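The following paragraphs lead the reader through one protein model.

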Amino acid sequence: WCRRQRNMCIRDSNSTLDLHGNNKTSSKLKFINFIKDCQKNKQKYILIITGKGKGLIREALFEWIEEEEIFPLIVGYSHAHRLQGGEGAFVLHLRKQ
């Protein structure tokens, strides 16, 4: 699924969360709420923009994905296509509800 996921084009703004410029605490809350909302809305692929910068949000994202509350909701993830943010963004594949 990684190859197909990397080429996935996410056009719906409801499927995109831009976290760069936020602090770690507010980013985590936004991320958790966004994941849950997207799964309720039966979205399959979502784009999370962390930005490149120092990489604090990007590194934290991997920790959040591993948490008990979120881990069961996600099938997998990969870096986004360069036109969608490349190394500063991730495409997450959500599990069916």
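Asn41 lies in the loop between H2 and E2; helices (H or I, at least four residues) and strands (E, at least two) are DSSP runs, numbered from the N terminus. The model is a predicted one, in which local features need pLDDT of at least 70 and side-chain atom pairs count only at pLDDT 80 or more, while totals for chains, interfaces and linings use all residues. Residues are numbered from 1 along each chain as its sequence is written, and side-chain values use heavy atoms, with hydrogens and water left out.

Asn41 has a relative accessible area of 55% and is therefore exposed; buried means under 20% relative accessible area, exposed over 50%, and partly exposed in between (1.4 Å probe, protein chains only). Between the C-alpha atoms of Asn41 and Ser15 there are 9.9 Å in space, although the two are 26 residues apart in sequence. Lys42 also lies in the loop between H2 and E2. Its relative accessibility is 69%, so Lys42 counts as exposed. Lys42 is not a glycine, yet it has a positive phi of about 60°.

Helix H2 itself contains Lys30. With a relative accessible area of 37%, Lys30 is partly exposed. Leaving out residues up to four places away in sequence, Lys30 touches Leu17, Leu19 and Asn22, where contact means heavy atoms within 4.5 Å. For Lys30 and Leu17, 13 residues apart in sequence, the C-alpha to C-alpha distance is 8.3 Å.

The loop between E2 and H3 holds Lys52. This residue is exposed, because its relative accessible area is 52%. Beyond its neighbours within four places in sequence, Lys52 is in contact with Arg58, Gly85, Glu87 and Gly88.

Which residues of helix H3 are buried? In this helix, residues 56-66, they are Ile57, Ala60, Leu61, Trp64 and Ile65. These residues cover an arc of only 145° around the axis, which puts them on the same side of H3; the arc is that of the directions from the helix axis to the C-beta atoms. An α-helix has 3.6 residues a turn, so residues three or four places apart point the same way. Glu59 and Glu66 are exposed, on the face of H3 turned away from its buried side. The cover over the buried residues of H3 includes helix H2 (24-40) and the strands E2 (45-49), E3 (74-79) and E4 (89-94).

The largest pocket is lined by Gln39, Lys42, Gln43, Lys44, His93, Leu94, Arg95, Lys96 and Gln97. A pocket here is an open set of points on a 1 Å grid over the protein atoms alone, where a 1.4 Å probe fits, with protein on both sides within 12 Å along at least five of seven lines; lining residues have an atom within 4 Å of a point. By class, one lining residue is nonpolar, four are polar and four are charged; Ala, Val, Leu, Ile, Met, Phe, Trp, Tyr, Cys and Pro count as nonpolar, Asp, Glu, Lys and Arg as charged, and the others, Gly among them, as polar.

Taken as a whole, the protein has three helices and four strands, which follow the pattern α-β-α-β-α-β-β along the sequence. Of its 97 residues, 41% count as buried. Among contacts between residues at least 6 apart in sequence, 66% join residues at least 24 apart. The protein exposes about 6,200 Å², of which carbon and sulfur atoms supply 50%; accessible areas come from the Shrake-Rupley method with a 1.4 Å probe.
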